[in-house]
Amino acid sequence: MSGPVAERSPPLPRRPALALPTGRELVRRVAPPGIALGLVGAALWLSGEPGGSRLALSLTFGALFGVVLQRSRFCFYCQWRDFLVAGDPRGLLGILAALAAGLAGYAVVLGAWMPDPGGTRLPPDAHIGPVGPVLLLAGAVFGAGMAISGSCISAHLYRLGEGSPTAPFALVGTGLGFVLGFATWNPLYLVSVADAPVIWLPRHLGYAGYLGLALAVLAFLAWPLMKRLPDPVAPNLCRGSDPLRALFSGRWPVWLGGLAVGAIGTLAYLRVGPLGVTAEIGGRARQAAGAAGLLPARLEGLDTFRGCATAIREALLTPNGLFVAGLVLASFVAALASGQFQPARPRSGHAIRGLLGGLFLGWGAMTGLGCSVGTLLSGIMAGALSGWVFGVAMFAGAGGTLWLGRRTGLLT
Amino acid sequence: MPRLSTSLLAILVGVSAPGAALAAQEPPTPQQTAGARTEAKASPLVSTEWLEKNLDAKGLRIVEVSVEPGVFERGHIPGAQNVVWHTDLVETVSRDIASREKFTALARRLGIDKDTTVVLYGDNNNWFAAWGAWVLAQYGLVDNVKLLDGGRKKWEAEKRPLDTRSAEVAASSFAAPAPSPAFRARFADVLAVAKRERDEQILDIRSPDEFSGKVIAPPGVQELAIRAGHIPGSVNVPWAKAVNPDGTLKSPAELKTLYAAAGIDGSKPIITSCRIGERSSHSWFVLSRVLGYPVRNYDGSWTEYGNAVGVPVVNLAGTVWGGK
């Protein structure tokens, strides 16, 4: 099967091919600093515009996030698959590290913003969504989409920068999946979501209580994984003593990327908003579908929920749009600089799996009010029960689909 | 407890109450003849410069009322406290201003008493801060309540400092009186004017397209009316005409000229109205507090009047409800 098999973590960094034509080599040397300078210039220009500091920060955080995702291969599905198929727990430990770091960071921020979590209010724009059967379904469908298309939405975005032949189809599929999600939203809302409770755990446990409990759960999950760690081989970081080489060649260990994700998540929440990658995709899909007459006349209750809001965009540049743009461009820079930009001509398998998996991803992210980043990461960090529930359903959906796919020979 | 310690310091060095400083800040408001209201003793506006110098003044409470969530938390004027328009200043089930009990609890939490100077500010050109001033006025907090001229936008544009920590203030023992009807117009009042049974003026501050009936509401808003147009006898001066490009209010002389051109000069009682009564509280503040005219705000506005059965409506655009 020529499908986009989830990338495996290479034991050693790849060496750039020696036989690159000079033109390509030139691009490799000139393009990364050029695009990086362009990103810096764009951020500086935005920060000088009235009201542009938020946009500039979004672009910067997006770029940092893109570099971290690309360098550490922070991809929920790849890590889950590595564990299920190859028994390698390092990636999952990286995801747990991201959650632990972000939980601690959010607790500090939230404690300052809302000293008393006990009232009726929720922390501003934190991704705390309704918990019910629809969320479980959304998570499971999202997970299935990950298994079919080879990764989640954020990973498709950073892989777009690596020249993945599947990512463009998966992202188009995601947009279509959102439209499908809007079409099915009203019945789901009326039957179930409207009555689903929005549960913010710090309200019941306090900040310290939630942080303690969440870290204990993460430790409980990490314990069996730690036991399965492979014997330490010469780590990539120590290859040679050149720190630049460690940064730009090979991959970072996922735990390092995870810690960076937790830090970026906290800083982004402090200054701009919770991390999320689907608000822009969803908002634009809603705009396009509305213009094409494919939307229900009204989406009941949708805009009153927290999460990756898909409210119709009025401005050309939005914080989330710039975040996603920064992510893709910076991942492209990082991939190019490390010789991991390997564009491939898409074949029909890529297109089919991308579109179909993307459809599942989009439906799941719309119905679950966010994806593995917005609902799972940002939600859990903020103390949302919805983040945990979505996470469990997502990993179960991805694992189940992978199992079924391997049994039938459709997935590898 | 920075506020407490500076307050103590202020007492020790014998700094005078901020009211005196406030009075010196702007030219005195024009005298007003009609109506039985108290005249504003000092300016209802404070400048960003004055506020930055007086952040630690004794007896001053700074309150942000912004509509966008997270704006306050990610950086507010040092010492400011947050009021959420959607939950704190209104009833969330029935359509009404916050009840007496709810408002009492809010004012106590904010440490606001009858003699406290309150500076309100917010995003969106102070729309919601002005709504806050209007609610405070109904509960007896009128003359000591000021708007920060230019609001959040000007404070940020001038790169003045912001803080992300929450202020800790001592609660007050304020007890809200029954809301005064002097600041609020109800449906029956407006209908009486529309039917020419009462000689008052209605100032509709919506956009010209909403006023003419070309559109029922601005794009993207959920709360609509079944009919388009405006209340008979009302005049249209969009709220934004009262504001300079930097967000500050125009000078009293300019404001007088602006409204006089529409026939509003304070000689008759005025009712301000818009779609849900929130933009119109901005114009209510300008007319009542800055110009000293007798004004009530009609918070039912077009979403009440335009949905009412059997009332006269003017529809200049000729938009007809229903099918073709």
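## Model and confidence

The model is predicted: local features need pLDDT of at least 70, side-chain atom pairs count only at pLDDT 80 or more, and totals for chains, interfaces and linings use all residues. Residues are numbered from 1 along each chain as its sequence is written, while chains are lettered from A and ligands numbered from 1 in the order in which they are written.

The scores are ipTM 0.74 and pTM 0.82. Over residues 1-41 of chain B, pLDDT stays under 50. The model has 58 contacts beyond four places in sequence for this stretch; two residues are in contact if their C-beta atoms, placed from the backbone, lie within 7 Å.

## Where the chains meet

Helices (H or I, at least four residues) and strands (E, at least two) are DSSP runs, numbered from the N terminus. Two strands pair if DSSP finds at least two bridges between them.

In chain B, five strands form an open sheet with parallel pairing, in the order β1-β5-β4-β2-β3. Its edge strands, β1 (45-46) and β3 (81-82), each pair on one side only. Two parallel bridges join β1(B) to β5 (residues 145-148) of chain B, and L45(B) has L147(B) as its bridge partner in β5(B).

Helix α6 (residues 127-138) of chain B lies across β2 (60-64), β4 (117-121) and β5 of chain B, at about 175 degrees to β5(B). Axes are lines fitted to C-alpha atoms, for helices over the stretch in contact, and angles run from 0 to 180 degrees between N-to-C directions.

## The four-stranded sheet of chain B

Another open sheet of chain B, with parallel pairing, has four strands in the order β7-β6-β8-β9. The edge strands β7 (234-236) and β9 (295-298) of chain B each pair on one side only. Strand β6 (residues 201-204) of chain B pairs in the parallel sense with β8 (residues 270-273) of chain B over four bridges. The partner of D204(B) in β8(B) is S273(B).

Terms used:
pLDDT is the predictor's confidence in each residue, from 0 to 100.
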